[in-house]
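Here are my notes for you, point by point. Have the model open beside you as you read.

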Amino acid sequence: MSNSRVERLLAPWLQALQQYHVEDAAGLIKMDAMENPYPLPEALRPQWLQALARVELNRYPDPHAQELKTRLRAHLGLSAESQIVLGNGSDELIHLLLMALNRTGASVLCPEPTFAVYRLAAQALGMSYHGVPLVASDFALDLAAMLAAIERHQPALLFLASPNNPTGNTISLDEIRTLCRAMPGLVVLDEAYCRFVGQSLLAATSDLDNLVVMQTLSKTGLAGARVGMLMGDAAWLEPLERVRMPYNINSLSQVTACFALEHDALFQRQVDDIRRERDQLFAALSDLPGLKVWPSKTNFLLLRVLSRAGPEVFRALRDGGVLVKNLHGAHALLENCLRVSLGLPQENARFLSVLRSTL
Ligand SMILES: *Cc1c(COP(=O)(O)O)cnc(C)c1O
């Protein structure tokens, strides 16, 4: 196999691109990826399996996922006419948005630090990407710097995660309005964690004509099913349907997501439990010396180790059986930072005790 041929044929931007790294979690308590720690209850499994058993695996899935969209509209309080684009996770929706708006010279803007996939997906398509630092102390938006960057780069796309990953804080509707007015292109509000906030700004898409809102079922229990949804004006959504591959949501995921939405009360209780655990863990971490923890509206907390090197504490936690996300090196504002996703109550307790003995 000739490497020089591969190099010659690969797009230049792809040669420098790093793969999204996922740590091996075998044998560890998994508190690194914002998954819902609660498995589907035993009592519900037979019903779920019956629904899966009815799937005709020899047939292609419904390319429009009609039943799932009907249930999602009811879940989101949307009218029967409103459009939804579904993605294989919001990751795929990010890709579709970029592909659709990837004209020559089109650029992408994000406040940073934020969700790594925006940059990764933009760069995989050869688009130019610009990050604008958040305010270092509390990770608020630097609105003046954002407006200056919009003026300068005239971006086709602005991604705003609210609450933001990995900082956990939200962006206000006023800020979003200001940015939408200034943007020549599309503003994508990524509400991956809105269930943990208990509210969504989806309604704002009706009067902001360059705003679309993205959500996902991943963080509330269906990370394995890969279902993300995008809502907004049909004028933006319709072209995405043309770049979307016809069977992107497989039959098993469609059925599973419908099943989960039917039993949404269960997932809501889990969200409530996770929020309670988050507030308790936040309080406990705030009392620890040698540590800074930021308030969070999500199912994770961002910490900075002050008394030791962050990566050292990451390794000590891993040696103690707990996998968190090491963010040191991911961005200049994340020096010695770790991100911990809420686990089961006993897992959170284990994390706290290993961390205590490490610090
Ligand atoms: C986790 C996460 C996603 C990814 O969601 P999937 O639907 O699982 O692809 C998107 N945006 C943000 C901000 C996230 O943290």
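1. Let's begin at the ligand. A polar side-chain atom of Ser218 sits 2.6 Å from an oxygen atom of the ligand. For Lys219 the corresponding distance to a ligand oxygen atom is 3.1 Å, and for Asn165 it is 2.9 Å. These are polar contacts, meaning pairs of N or O atoms within 3.5 Å; within protein, one atom must be able to donate a hydrogen and the other to accept it, and residues adjacent in sequence count only if both atoms are side-chain atoms. The protein covers 93% of the 390 Å² of accessible area that the ligand has on its own (Shrake-Rupley method, 1.4 Å probe; for residues, only the protein chains shown count as cover).

2. A word on what you're looking at: this is a predicted model, where local features need pLDDT of at least 70 and side-chain atom pairs count only at pLDDT 80 or more, while totals for chains, interfaces and linings use all residues. Residues are numbered from 1 along each chain as its sequence is written, and side-chain values use heavy atoms, with hydrogens and water left out.

3. Who else is around the ligand? The shell holds 14 residues, and the closest are Asp190, Tyr193, Thr216, Ser218 and Lys219 (a residue is near if one of its heavy atoms lies within 4 Å). By type, the shell splits into 5 nonpolar, 5 polar and 4 charged residues. Here Ala, Val, Leu, Ile, Met, Phe, Trp, Tyr, Cys and Pro are nonpolar, Asp, Glu, Lys and Arg are charged, and the others, Gly among them, are polar. Helix H5 (residues 89-100) gives the largest share, 3 residues. Helices (H or I, at least four residues) and strands (E, at least two) are DSSP runs, numbered from the N terminus.

4. Now find strand E3 (residues 107-112). Is it buried or exposed? 6 of its 6 residues are buried, where buried means under 20% relative accessible area, exposed over 50%, and partly exposed in between (1.4 Å probe, protein chains only). Ser107, Leu109 and Pro111 point one way, while Val108, Cys110 and Glu112 point the other.

5. Leu109 is a handy landmark: its bridge partner in E4 is His130, and in E5 it stands opposite Leu158.

6. Elsewhere, 4 strands form an open antiparallel sheet in the order E9-E10-E13-E12. Strands E9 (291-293) and E12 (325-326) are at the edges, each with a single partner strand, so one side of each has no neighbour in the sheet. E12 pairs with strand E13 (residues 337-341) over 2 bridges, and Lys325 has Arg339 as its bridge partner.

7. Most residues other than glycine have a negative phi, and most peptide bonds are trans. The bond from Glu112 to Pro113 is cis, with omega near 5 degrees, and another cis bond joins Asn165 and Pro166, with omega about 15 degrees. Met34 has a positive phi near 55 degrees and is buried at 3% relative accessible area. Gln154 has a positive phi of about 45 degrees, but it is partly exposed at 44%.

Definitions and conventions. Two strands pair if DSSP finds at least two bridges between them.
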